[in-house]
Amino acid sequence: MNERLKILIVGVGGQGALTVAKFLGEAAILEGLEVMVGQLHGMSQRGGSVECSVLIGPGKSSFIGDGQADIVLGLEPMEVLRALPKMSPQSRVIINRGVIMPFSLALQGLPYPPIASITEQVQEITPYVFEVDGPVLVRRIGVSRVLNVLMVGALTGLGMLPFDRNVLWKVIEKKSPERFKEANLQALGMGIEAVASKKPAIAVVMESKEATC
Amino acid sequence: MKQGTFDPLLVDVKGHAESLLGNEAIVRGALEAGVAFACGYPGTPSSEVTDSFFRVAEQRGIVFEYSINEKIALEMAFAASLAGARSICAMKHLGLLYAGDPLSTIPYIGPRGGLVVVSAGDPSCRTSPNEQDQRLLAPMLFLPMLDPSTPQEALDMTKFAFELSEKSRLPVVLRPTTRVCHSRAVVRYQRLMPKQVGGFVRDPERLVPVPANARRMRIEIKDRLEIAEHMMAESGFLRVYGNSDQAVLASGAPVAGCHDVLVESDLYGRVRFISLGCIYPLPERRLLEALDGVTRLLVVEELSPYLEDGLRSLAARRGLSIEILGKGSGHFPAEFEYQPEQILSAIEKGLGLRADGPDPLAGQASQVPVRPPTLCPGCPHRASQFALRTVFGEQCLYFGDIGCYTLGYGPPLHTVDSLLCMGAGFTLAAGVSRITNQRTVGVMGDSTFFHSGMPALLNAVKEKVDMVAVILDNQVTAMTGFQESPGMKQLADGLSREVSIEAVVRSLGVKQVETVDPYDLSSTMQAFERARDAQGVSVVICERACRVHLARQTGQTYKLGSYQVDSSLCQFCGREASGQRCGQSRSIAFTRHMTQSRIQHVDCKSVEKSSQAPCSTRCPLGLCIQGYLGQIAAGQYKNAYEMILERVPMPETVCRVCHRPCEQACVHGDTDRAVGVNDLKRFVVDWAHRFDQAAECAPWVDCGIRIAVIGAGPAGLAAAYHLRLRGYRVVLFDAEEKAGGLLRYGIPAYRMPREPLDRDIERMLASGVEFESGRKLGENLFIEQLLDDGYAAVFLAIGAQKSIDLPVERDPDAIEQTDALTYLRAANRGGDVKTGKHVVVVGGGNAAVDAARTAVRRGAERVVIAYRRSRQDMPAWDDEIQAAESEGVEILCRLQPARARADGLLCVKTKPGKPDASGRSRPVAVADQKILIEAEQIITALGQRMDESWCASSSFDLEREAEGLVKIDPLTGRTSHAKIFAGGDMTPANRTVTEAMAAGIRSAWGIDAVLRGTEVADRRPIAPIVEASLEKRNVDRDQAECRRPANDPSRPIDDSEVAVVLTEFQARQEASRCKVCGLCGNCRSCLDLFGCPAFFVRDGGIFIDPELCMGCGVCESVCPNGAIREAANE
């Protein structure tokens, strides 16, 4: 692999974005690939925005420049909007439908923007938008903490990672805390299915528009 | 966490690949170098260095500590180095300058074991108040310095740094930046080296920098730097790729960025790329080699142009003709982290190159609501800072410090007015207090207190500064990732502090110290109040372990329970159902008062609130008393005035003469004294008058229907005004020249001055009510005629104008006798009124007292009130009686008039008999005890009844009740005649001004409903609800203390008003006493004041997210309506 695959993970503190990055990094290492993970978390532990980068392939920095993200994995819809400058017409964008209300909106009594409008804004840049109904799937599993692994699954389902699902399976099996292991593995499978099988009820896959570039 | 399984940092296999954070790689480097001592003070982005050492220290047999601050950390590390151990200490950029004192002398003495100082930089101020460039300190203090660009380099440099330090005998600073500290990449391991501790070797000449020694050491530094430069040259941290005459030199984190940009733009082979990790001393010889043949050089380094300037100086000294580009040439800014596109653009522009491939088409940034970090649900800091802000209020200045609690800066807590650095919270509070005498509060956490707050507090104590210092002890250094707080000991089921903060504070000389649990809001607020009221420095320690940390340490669940909002109470206005919601919009100040009141009056917490406060249910006009009192307490007088004006037709009048049933209902009366509600109304009305706030009420569209109102007293005026507001054409008839009735002709001016009365009346008439004076019912005004003339309805409110006679015998030459009403009317008309030298007033009501006090003002030398029952039984208001006495009126009780004689009034003593219908004992005359009150004039004040003379001329009879009162429908005021309504003293009612107004309004709405054929609208004032429990209350108590009439003997006794008016301060204090007994719809305290992120709003309702709520239960005390309750266990 000559080119670097640049994955941007965005979400809210507490959603497990750092863990997603860590799992992807581990998987790359297992496959003998070069990988850099940037986890500039700042004060994210207190419910702020989080942004992590995973860059698989040869390279030294963990930066993802403007228009450089190959994949944007959005654990939270509004956080995906913050990452618009990192996207290009080739970017694949996965959006979890579960919202976390920014407290600043709650304080002002303002509503959360409709998810459809968020998706539309992303579609103005790239046609490759995948929505994942995280809350529904997570409820099916019954453990709220597995959302991040579900999204790792969705990412795997895109088929763009330079390793297959078994590698991630191994990593998650090895690195998960015992009490979440089973749920995490279940979530991985569900996530993969949600995007790979393109079931409209769960994942809405939009590829009707032609890429402009 | 400490006893983990096998730690990946400890794999002792050469060539092993492990994915590590830059900070972890530093630790691995130190372990490979055989480090024996490690310490530091946590601070993002350096924290993982100390945290990783903490994790592995025991297993590796390394001595480790979280030092209490960076200066101590460096001194500890240096001490270990002096003792022959390789030692390392870690901190963020800010800490390096805090440790500046030891740092500047260590190069003179020189370490023995290698000494490495990790000081992590934070370009772009990601988690810091500044982005200082520590590199500039290197030449100033003679500190060899290295700046890694990747985790692997961080490992290699750390290892090298120990060797460099030992050989050069200088401390070496490793300066990674956030981008490297927090990047994770695979690093390759070498074998671990066992630690060695050589021991301390006594050598004072070399180790004591007294001036003579220091001068020698200074000379030695030159040689040491030479060694260092040589080693830097051989270190391999200066690398050159390519051989173009166009070069890019990058250092630190930008090396990796530059590398990737060059590779991805296919420029990699087309420029010479130099990466430089050696910051100081610069390996000059090697640099010259690297730059050989270069004609143009772009320097890529974040923050200051340290290398750029150094290279310019080098080129000038060596006569190189290189064009050096960078910040000086405007290709880079001197601020913030560099993004890849910035670097590419500078290379293209600076070196005149063009990258291959199309420009990336990136999306445009979109406006997205910010998601600032907030304190976690259940965070004790929120409770503490909420209590702090509630007690100290708007005027106080708040100084914060570094920690999670800095988040109190934003809405809704707003408890940080300024912030500087670790420990400055107390100093800033002290400094501002000293220079301005303003109330100040300094806030810091436990770790910060130990870090540098202790000396700050001592300084404030020493200078006797007036300030409050708050220590938020959550028993952990939470912000940087839960490092141990000094003196904390972990127990099986929790945490315990071995070093008592309270003991430290006391030993620093603070007298007023309290430790409270912030989850107990009421106690916390009381402690803050005591601290506020104490002199000098006072300290409150809010102690409650961080729940997140505790749960992690003990394995306990994070959740303590779960709370929910009862939507039937939340934002519920008890008056809304009857259309009486105030219409005021929600405000922070008002909500704060409501909440404060709830927390302070702890008894309310357990008591179910009634939907309406007892005071409101007793108000004839249906005022929301807790509401306008709340607005006063909040300083929002205009809102208070609007609330009063909406329900009180004559505010200037009512605030002077109301009989104040609300104060009798006040629950304070059970324990201390009722809130002075009417004086607060007076305060607001005066305020409105002073600032010309008199609002006008716009009448509805004229409906063309005419209505006659007869009698311009309080009932008639109120009815006329309210009918006019509803669009009727109203003519108000009165026998007197001016409108006002009893208010003008019955109540003396010293109680009811005429200007405010005129203002009230003027405002009402200005709404379009027509006033006809000199029209007396039965003489020149007839109801039949009015109805014939097309008036759709008549409202009768002629009052009770006929006095009840004194049933005593009069001698033929008996002294003059008049009734109070006649006497007062004559006096109030302004002309002369005949007043005897000695006057006896018979009666015990307000009219008797009014007459007596008027007589005093009209020249009577001796005025006596003779009353047949006891003083307690007098119906006159207590404060009126007291005022009369203070003006010299004598009150003689238990005297029943027997005979009017030429020399005065002969009375018989009475004694209490059996109780009568009113509950008072019936006076029984004691025939043989007679007393003569010498007087020249008798004024009788035994009550009044309706003047019935008009009935004779009328063709119909209105149905009557006892004592000749006109019978009406209590809801509408309608009499037995379909078109005639009546109210006020001529109907069965309590004869008070306020109730007369209420009757007028009630009838106005009643007339409106009848004429429009609708139900009686709900907005009319409700009839007072008399609750049995209220009747039992002690109503014979002091009225509000602050209203007591001036007993000042120097006060002139004339027609000027006698009343004490509250100052603004008194008013707000008094209003704050209100316990807010009823529910209120104008509140969102949980969100607007407390701000727990577990709350959310959906469709206007407030809810708690059960996933987020951790069950601290503090919000339960915050909610004024008591709508938040613990959820039942599932």
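B:Pro281 sits in the loop that links strand E12 (278-280) to helix H12 (284-290) of chain B, where helices (H or I, at least four residues) and strands (E, at least two) are DSSP runs numbered from the N terminus. The model is predicted, so local features need pLDDT of at least 70 and side-chain atom pairs count only at pLDDT 80 or more, while totals for chains, interfaces and linings use all residues. Residues are numbered from 1 along each chain as its sequence is written, and chains are lettered from A and ligands numbered from 1 in the order in which they are written.

The peptide bond between B:Tyr280 and B:Pro281 is cis, with omega about -10°. Another cis bond runs from B:Pro411 to B:Pro412, with omega near 0°; B:Pro412 belongs to the loop between strand E15 (397-399) and helix H16 (424-436) of chain B. As a reminder, most residues other than glycine have a negative phi, and most peptide bonds are trans.

Positive phi values also deserve a look. B:Asp266 has phi near 60° and lies in the loop between helix H11 (253-264) and strand E11 (272-276) of chain B. For B:Gln475, phi is near 65°, and the residue falls in the loop between E17 and strand E18 (476-477) of chain B. Burial is judged by counting other C-beta atoms, placed from the backbone, within 10 Å of a residue's own: 20 or more means buried, 12 or fewer exposed, and anything in between partly exposed. B:Asp266 is exposed, with 11 such atoms within 10 Å, whereas B:Gln475 is buried, with 25.

Turning to chain A, there are 8 helices and 7 strands, and 53% of its 213 residues are buried. Two residues are in contact if their C-beta atoms, placed from the backbone, lie within 7 Å. On that basis, 47 residues of chain A are in contact with 46 residues of chain B. Helix H1 (17-30), strand E2 (35-38), helix H2 (77-82) and helix H3 (103-108) of chain A each supply at least two residues to the side that touches chain B, and H3(A) gives the most, with 5 residues. E2(A) is also joined by 3 bridges to strand E8 (residues 183-188) of chain B, and the two run antiparallel; strands pair if DSSP finds at least two bridges between them. Within this pairing, A:Val37 stands opposite B:Arg184.

Finally, nonpolar cores were traced as sets of buried Ala, Val, Leu, Ile, Met, Phe, Trp, Tyr and Cys residues joined through C-beta atoms within 7 Å. The largest has 176 residues, and those with the most contacts inside it are A:Met151 and B:Ala77. H1(A) gives the most to this core, with 8 residues. A second, separate core of 102 residues includes B:Ile625, B:Val654, B:Ile761 and B:Cys1074.
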